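Here is a short report on a structure. Please read it alongside the sequence and the coordinates.

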Amino acid sequence: MTNPNGRFGIHGGQYIPETLMNAVIELEEAYNKYKNDPEFQAELTELFNEYAGRPSRLYYAQKMTQDLGGAKIYLKREDLNHTGAHKINNVLGQALLAKKMGKTRLIAETGAGQHGVATATAAALFGMECVVFMGEEDTIRQALNVYRMRLLGAEVIPVKTGTRTLKDAVSEAMREWTSRISDTHYCLGSVMGPHPFPTIVRDFQAVISKEIKEQILNKEGRLPDAVIACVGGGSNAIGSFYNFIDDKDVRLIGCEAAGRGIDTFETAATVNTGRVGIFHGMKSYFCQDEYGQIAPVYSISAGLDYPGVGPEHAYLHDIGRAEYVPVTDEEAVQAFEYLAKTEGIIPAIESAHAVAYARKLAPTLDKDKIIVITISGRGDKDCAAIARYRGEDIHE
Amino acid sequence: MSKIAEAFKNGKAFIPFITCGDPDLATTAAVVRAAVNNGADLVELGIPFSDPTAEGPVIQEANLRALSGGVTTDKIFDLVRDLRKDVTVPMVFMTYANVVFSYGAQKFISTCKEIGIDGLILPDLPFEEKEEFFPLCKQYDVDLISLIAPTSENRIAMIAKEADGFIYLVSSLGVTGVRSEIKTDLESIVKVIRANTDTPVAIGFGISKPEQAHKMAQISDGAIVGSAIIKLLAQYGKDAPSYVGEYVKSMKDAL
């Protein structure tokens, strides 16, 4: 889907300082060399299977299906991966690539902390140095993940600029990369940033849809009618969609964080409220004001609290291949509680956005229809924040 | 011939960078005039951006001060209209691609021409993405300034060959900000540039002291100074113009 200069329709590209250009060119060359290298792929598969615990389960959510009374619901259990989220897929791929490139140090941004934890994990495994940039606001919202990263040997740097969230963590990681390139790989956590990151991250996450396809064909003998995933930058969503893009009968639905609602300023629903812009190395949709100043977005979910979206999602939106729907904080919290009580599965608050939309969609579909929801991560990290949202103060 | 070339006819060029609207536009106007009256050969006017990824802490904070003071692209265009009543040295805008893109590139670049802006520096628009604005810049005689970095290596010739106005040579890795020492082998880079173009070269990033500026000017055609001036603005606010004037004089004299 990527054309040679990293474009997805009008989106994508490489809008970065000259200082970084040779670094992304070097990365692209290394990736092109290794992506079809059987030895590299065998090593990665071994890591996926033996270390991360893949393939992740495709679980038939029988109680939820019965309760909603419509389409049959399957959950793609990325929450069961090692480190508790889909982020490990991309990180193992990039860390292995970085190692092949002779890099000894990984830097990363993180929102909810899941990507930071995954990067710290891979760095520990590969014996690499690791520095994670995290918005100061998020270090408070996700204190447990900060501890996990430090436990894994990473240095966590709280970012105190701007809105002190994911956007600022990305900016700071980019600044750090411009100052130290030769031994450092920037392990970007989502399908965003300059080319080749959106393509590399997508390819490593595409294992999700590859497995869904095999598993659903095995269980149902046919493809699903809809695949639903949450979208911040969009890595678990593109991973869930990718191998279905050519299967036009499969609806692809991305759930954006609407925060307090898309008619308020406290939202992070980029496709629904943003317009085309250029930021963080890519052309895509961004929440911004009339002069192009990036908007201070909001969501209860630190992982979706980002003012942009990956360029391939922007393209899938433009051509009408995927739908992007807003889900509010309140809907997500209700879905978080619902899945816990109904299936005994506590999803990440990010993934709960996808569950929330499925709760609306499933009852409108016939019982012979099939929906797959990607549970991108586990929700342990969110319990304290959701308790606070419900007016209960618990100590972690 | 580009109007920017004039800036390099008065000995080595001194190029100050000023963030527009920090702390307010009246101060910016006074600072620009003070800089020009004390020997600035070209003025780099920063249009603030919410997330300036190429800037260090000093200029990041200036961007925030300016934006929280309510400055906008349109107000900055008015500032330039006012400055052009008496300021004759070349002036260029330094901002980020989204500020131009979001305003409408055609409208932004044609306005530059109309108000007397001679060039555009966009640190997040590398050679590979030049086409985004280059055709419009050509159409309206606004030079799209090329940047070359310590990591450019095999890219230097390619960039230099197509450079307009002047070449902004980034002195060091990392973001903008004062540095005690510049270690890059800039002479070798300048040599490759010279072999490929006659376009003047000015060095920026990390320069704050007269002796550093002198050293940089020895190997190039001029020195660009941002953070050191912004620090004076942060320290003296509305009283900054006379301090900036004095500072610019000391730097220009050192070149």
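## Model and conventions

This is a predicted model: local features need pLDDT of at least 70, side-chain atom pairs count only at pLDDT 80 or more, and totals for chains, interfaces and linings use all residues. Residues are numbered from 1 along each chain as its sequence is written, while chains are lettered from A and ligands numbered from 1 in the order in which they are written.

## Two domains in chain A

Chain A splits into domain 1 (8–48 + 87–201) and domain 2 (53–84 + 206–389). The bounds come from an automatic or database domain assignment. Over C-alpha atoms, the centres of the two domains are 22 Å apart.

Between the domains, 39 residues of domain 1 are in contact with 38 residues of domain 2. Contact means that C-beta atoms, placed from the backbone, lie within 7 Å. On the domain 1 side, the elements that each supply at least two residues include strand E2 (11–15) and helix H4 (87–100) of chain A. Helices (H or I, at least four residues) and strands (E, at least two) are DSSP runs, numbered from the N terminus. E2(A) gives the most, with five residues. By class, this side has 17 nonpolar, 18 polar and four charged residues. Nonpolar covers Ala, Val, Leu, Ile, Met, Phe, Trp, Tyr, Cys and Pro; charged covers Asp, Glu, Lys and Arg; the others, Gly among them, are polar.

## Chain A against chain B

Here 27 residues of chain A are in contact with 32 residues of chain B. On the chain A side, E2, helix H1 (18–34), H8 and strand E11 (275–279) each supply at least two residues. H8(A) contributes the most, with six residues. This side divides into ten nonpolar, 14 polar and three charged residues.

## Helix H3 of chain B

Helix H3 (residues 73–83) of chain B has these buried residues: B:Thr73, B:Ile76, B:Leu79, B:Val80 and B:Leu83. They lie on the same side of H3(B), because they cover an arc of only 105 degrees around the axis. The arc is taken from the directions from the helix axis to the C-beta atoms. B:Asp74 and B:Asp78 are exposed on the other side. A residue is buried if 20 or more other C-beta atoms lie within 10 Å of its own, and exposed if 12 or fewer.

The buried residues of H3(B) pack against helix H1 (25–37), strand E3 (91–94), helix H4 (97–103) and helix H5 (105–115) of chain B.

## A:Met21

A:Met21 lies in helix H1 of chain A. A:Met21 is buried, with 23 other C-beta atoms within 10 Å. Leaving out residues up to four places away in sequence, A:Met21 touches A:Ile16, B:Pro126 and B:Arg155.

Methods: Contact = placed C-beta atoms within 7 Å.
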